[in-house]
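Biologist: Hi! I am new to this, and I would like to learn how to read a protein model feature by feature. Could we look at one together?

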Amino acid sequence: MVLEAPLVAADIVQWLYSDASQLKDTLEIVSELGTRLRDGNVPVDRVTTGIWVVHPNVRAEAAIWNSGGTKELRLYTAENSSDDDYAASPIKRVHDTLQPVRIEIEKNPAKAAEFPITIELGAEGYTDYIALPMPFSDGSVKVASFATKAAGGFTRTHLSVFDSLIRPLALVCELKTLRRTAETVLNTYVGPRAGLKVLDGTTRRGEGEWIKAVVSFADIRGFTRLSNTIPADKIVHFLNRYFGAMTAAVEAHGGEVLKFIGDEVMAIFPYETEEEARDAALRALMAARDTMKRIEAINACNTCAMTPDLSVGIALHAGDVFYGNVGSETRLDFTVVGPAVNLAARIAELAKDLKRQVLVSDALAGVMGCRSGLYGRYRVKGFDEPVSVYSPDLTAGPEIGYCPDSTTLRARELN
């Protein structure tokens with residue numbers, strides 16, 4: 001069949017301006033684009049996009065599709081990206097010249113040998129490759145590339161199709177990239193629960209909801225003295241290691257870190273039913289246990305005499321909290337407030353005074369159905385009555401939990 005370039009280009013451009021924007025992300029767009037090009041007799045076997053993104057952890061993302069069925073979204077961070085690979089790529093040349101870069105791998109192997117990617121593609125049977133500048137509305141230029149295994153490579157007609165679709169492709173990719181960037185940045189800074197509300201426009205200043213949750217407060221022991229004695233850059237590194245350990249443990253057990261307050265980490269494990277409450281309490285306890293193990297691993301690798309070993313304390317309480325946003329007209333912050341949050345914070349202070357790694361409230365012990373390990377009753381600031389606190393044994397496995405009195409019951413439940 002003879003390729004009708006104007007018809008193929010018009011069909012794809014129409015799709016890019018309409019239905020393509022409904023797809024989930026750039027990977028789905030690139031995959032559908034590759035399929036539509038092949039249906040129009042444009043012999044593409046590989047389509048990619050390379051897009052720098054605004055994200056605290058990710059530097060760039062690449063959507064990759066090939067005709068063999070492979071679809072991959074690669075994220076490049078400061079740790080896993082290679083500046084040397086980028087410097088030796090056609091993408092770098094496109095960024096520098098703002099012009100397409102074509103390498104006819106089959107016809108000009110000497111030119112193909114200039115770039116590691118085209119050497120690799122040639123070994124896989126590709127015959128032609130072209131990278132095109134993809135201009136975004138902010139003035140930046142991203143890159144889309146097309147490669148084929150067809151004998152003789154791309155024709156002028158094929159290249160004209162690519163020229164016709166590159167600007168609408170840039171537009172729809174920019175829309176998806178902006179949405180993805182907004183989602184990931186919001187999730188990073190305010191958490192997925194709050195981030196979704198912000199993007200959906202379902203939250204206003206002062207609005208929120210009452211939810212049930214296990215509240216966790218954790219802090220570093222001796223942080224004030226430490227922060228007064230070592231340089232600020234080392235303090236930041238110190239905090240990042242601690243926050244990384246705590247956050248990883250909380251998220252691994254289904255919780256959500258809400259905020260970092262100085263050296264404190266506040267997290268929640270929401271629930272609705274009594275059964276969910278017990279599960280949330282168990283997960284919060286296992287997150288505390290996991291945090292201690294991660295901190296031990298960090299301390300075991302500590303070779304800096306200036307930075308002491310980490311030591312943390314964790315408090316857990318369960319109850320109703322108001323989850324919403326507070327602040328001014330120009331600056332808002334998502335948080336949880338209420339007596340349950342206040343008591344969790346006071347128990348964290350008590351854990352520090354008593355030099356206990358983990359203390360839990362009477363409410364959380366009640367949720368677990370076990371008040372074993374009572375450490376005492378203490379008065380805390382802001383509460384009229386003394387509060388009972390428990391020092392759980394976290395040496396048991398997660399299948400049993402911390403409560404010796406409930407060991408037989410939980411083992412029976414698992415069987």
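Predicted model: local features only at pLDDT ≥ 70, side-chain atom pairs only at ≥ 80, totals over all residues.

Biologist: Where is Leu98 found?

Modeller: Leu98 is in the loop between helix H4 (90-97) and strand E4 (101-103). Look at its backbone too: phi of Leu98 is near 60 degrees, a positive value in a residue other than glycine.

Biologist: Which residue after H12 has a positive phi?

Modeller: That is Lys355, which follows H12 and has a phi near 55 degrees. Like Leu98, which is not a glycine, Lys355 is not a glycine either. Lys355 lies in the loop between H12 and E12. With a relative accessible area of 68%, Lys355 is exposed, because the cut-off for exposed is over 50%.

Biologist: How do I read helix H12 itself, and what span is expected for it?

Modeller: Compare its reach with the expected one. H12 covers residues 339-353, which makes 15 residues, and its first and last C-alpha are 21 Å apart, close to the 21 Å expected at 1.5 Å a residue. Then ask which side chains are hidden: the buried residues of H12 include Ala340, Val341, Leu343 and Ile347.

Biologist: And the strand E12, is Val358 there buried or exposed?

Modeller: Val358 belongs to strand E12 (residues 358-361). Val358 is buried, as its relative accessible area is 5%, and buried means under 20%.

Biologist: What else does Ala288 take part in? I mean, which residues line the largest cavity?

Modeller: A search of the whole structure finds one cavity of 30 Å³ or more, and the largest cavity holds about 30 Å³ of space. Its lining consists of Ser216, Met246, Val250, Phe269, Ala284, Ala287, Ala288 and Ile314. Two elements give two or more residues to this lining, helix H10 (232-252) and helix H11 (274-300). H11 gives the most, with three residues. By type, the lining has seven nonpolar residues, one polar and no charged.

Biologist: Now the rings. How many aromatic pairs does the search find?

Modeller: Five, over the whole structure. To read a pair, check the distance between ring centres and the angle between planes. For Phe154 and Phe162, the centres are 5.1 Å apart and the planes stand at 85 degrees, so this pair is edge-to-face. Phe154 is buried at 4% relative accessibility, and Phe162 is buried at 1%. Another pair is Trp210 and Phe322, with centres 5.5 Å apart and planes at 65 degrees, so it is edge-to-face as well. Trp210 lies in strand E7 (residues 208-220) and Phe322 in strand E10 (residues 312-327), so the pair ties together parts that are 112 residues apart in sequence. Trp210 counts as exposed at 55%, while Phe322 counts as partly exposed at 23%.

Biologist: Which residues do ring pairs link into a cluster?

Modeller: Phe146, Phe154 and Phe162. A ring can also meet a charge: the charged end of Lys149 sits over the ring of Tyr126, 5.0 Å from its centre.

Notes. Residues numbered from 1 in each chain as written. Heavy atoms only, no water. 1 Å grid on protein atoms, 1.4 Å probe; cavity = no way out; pocket = protein on both sides within 12 Å on 5 of 7 lines; lining within 4 Å. Points joined across faces, edges and corners; volume = space filled by probe spheres on them. Helix = DSSP H or I, 4+ residues; strand = E, 2+ residues; numbered from the N terminus. Nonpolar A, V, L, I, M, F, W, Y, C, P; charged D, E, K, R; others polar. Expected span 1.5 Å × (residues − 1). Buried < 20%, exposed > 50% of the residue type's maximum accessible area, 1.4 Å probe, protein only. Phe/Tyr/Trp six-rings, centres within 6.5 Å; stacked < 30°, edge-to-face > 60°. Lys NZ or Arg CZ within 6 Å of the ring centre and 35° of its normal.
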